[in-house]
Amino acid sequence: MRRRDDGTWREGDPVGDRRFLDLGEIHLERGGVLTEVRVAYETWGRLNADADNVVLVEHALTGDSHVVGPAGPGHPTPGWWDGLIGPGRPLDTERFFVVSTNVLGGCQGTTGPVSAAPDGRAWGGRFPYVTIRDQVRVEEALLDRLGVTRLAAVIGGSMGGMRAIEWAVMGGERVERAIVLASTAHATADQIAWAQAQLLAIRTDPDFAGGDYYDTGRTPDAGLGIARRIAHVTYRTETELNDRFGREAQPGEDPLGSTERGRFAVESYLDHHASKLTRRFDANSYVVLTEAMNSHDVGRGRGGLADALGRVEADCTIASVDTDRLYPPRLSDEMAELLPRATRESIHSAFGHDGFLIESDQVAGIVRGALARGGR
């Protein structure tokens, strides 16, 4: 491993611990500048002498840099893709130096709405609109500072897949492989429509206060919880929900009760996921990242989708989940057909969009296969 004078990492540092790097100014796609941008990131493995054995792992909407490992200080939840990284794992740390960041606009250490603005107050509702391209530019700047010259691969699912395909378009010769799971080359009207309902749920919560709720003693948990319920339904399938819950009542509750209406089991399930998210995630970040996903279109300003994807030099693996109703397989078909070098894969799952996180054995096989093929 290289020793860095700026203290970014050193021999003997515990792997997977969150670290921070200050990048200075970042110019945004829509105009304006974010000053004093800080990135939270984690690494596993060692950078080789040529600084070209790097795999960048991109998290989805409510994820962060903690891809694998237990919960602990700085990590409100265990790794969201546990089993992916380590000796002998698909991302073998005997071979690769694995990097994952918390995305720009997030709430786990990277500059976002909860961060201090130049006036010392939290950005809150003043935080600028950022795009997927802005997020990739921040990652580029981080890798430059870490001395990384080339990416052996970039891999991500859902929102992470958006950044992975954007990396393939923006990165040129720097990117050897892109592995895109359960994602798309552009946000569709259907996806934006589902997002609007979630954004309105948060923004119409009285405790949201236009995004400036940090000093009020209140948080828009009701709105964020509703947004999570809406999103979670799109992450699963009608068949799974029906087979799992049917019309069963939550134990001890009666939905037709004469004195107090109880919940159906599926309602309790959604309540549980809403409560989990509100305990660990910031509503402003949810808004910022959802709008970034709405902005996603690799063809914007590049002559359209076909021209943008047609210029990609990386070897691409495009995998969909066969039951995904949020990012249906046709969007992966579209990507693969327009890319010069693409291998099309499918994940079979009863769980819909979340299959890219749940079907770990299938994902492991796809990742191993992609890394075994020659790069660009």
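**Reading the labels**

Mentor: The protein chain exposes about 15,500 Å², and carbon and sulfur atoms supply 48% of that. Keep in mind that this is a predicted model. The chain has 11 helices and eight strands, and its C-alpha trace spans about 70 × 50 × 45 Å along the principal axes.

Trainee: How do you know that the radius of gyration agrees with a compact globule?

Mentor: Set the two values side by side. A compact globule of 376 residues would have a radius of gyration near 21 Å, and the protein chain has 21 Å, so the two agree. Also, 55% of the 376 residues count as buried. Among contacts between residues at least 6 apart in sequence, 71% join residues at least 24 apart.

Trainee: Why is the pair D22 and R38 called a salt bridge?

Mentor: The cut-off is 4 Å between a side-chain nitrogen of Lys or Arg and a carboxyl oxygen of Asp or Glu. For D22 and R38 the N to O distance is 2.8 Å, so the pair passes by that definition. D22 sits in strand β1 (residues 19–27) and R38 in strand β2 (residues 33–44), so the bridge ties together parts that are 16 residues apart in sequence.

Trainee: What makes D22 and R38 partly exposed?

Mentor: Buried is under 20% relative accessible area and exposed is over 50%, with partly exposed in between. D22 has 42% and R38 has 37%, so both fall in the middle class.

Trainee: What makes E29 and R300 a link between distant parts of the chain?

Mentor: Their closest N and O atoms are 2.9 Å apart, a salt bridge. E29 is in the loop between β1 and β2, while R300 is in the loop between α7 (283–295) and α8 (305–310), 271 residues apart. E29, at 35% relative accessibility, is partly exposed, and so is R300 at 27%. Salt bridges that share partners also join E29, R133, E166, R300 and R302 into one network.

Trainee: Now helix α11. How do you know that its buried residues line one face?

Mentor: V363, A364, I366, V367, A370 and L371 are buried in α11. Seen down the helix axis, the buried residues fall within an arc of 165 degrees, so they line one face. The face turned away from that buried side carries the exposed residues D361 and A372. What covers the buried residues includes β5 (151–157), β6 (177–181), β7 (315–321), β8 (342–347) and α10 (355–358).

Trainee: And how does the reach of α11 compare with the expected span?

Mentor: Helix α11 (residues 360–372) has 13 residues and reaches 18 Å from its first C-alpha to its last, close to the 18 Å expected at 1.5 Å a residue.

Key
Residues are numbered from 1 along each chain as its sequence is written. This is a predicted model: local features need pLDDT of at least 70, side-chain atom pairs count only at pLDDT 80 or more; totals for chains, interfaces and linings use all residues. Side-chain values use heavy atoms; hydrogens and water are left out. Helices (H or I, at least four residues) and strands (E, at least two) are DSSP runs, numbered from the N terminus. Buried means under 20% relative accessible area, exposed over 50%, partly exposed in between (1.4 Å probe, protein chains only). The expected span of a helix is 1.5 Å times one less than its number of residues. The arc is that of the directions from the helix axis to the C-beta atoms. Contact means heavy atoms within 4.5 Å. The radius of gyration is taken over C-alpha atoms; the globule rule is 2.2 Å times the number of residues to the power 0.38. Accessible areas come from the Shrake-Rupley method with a 1.4 Å probe; for residues, only the protein chains shown count as cover.
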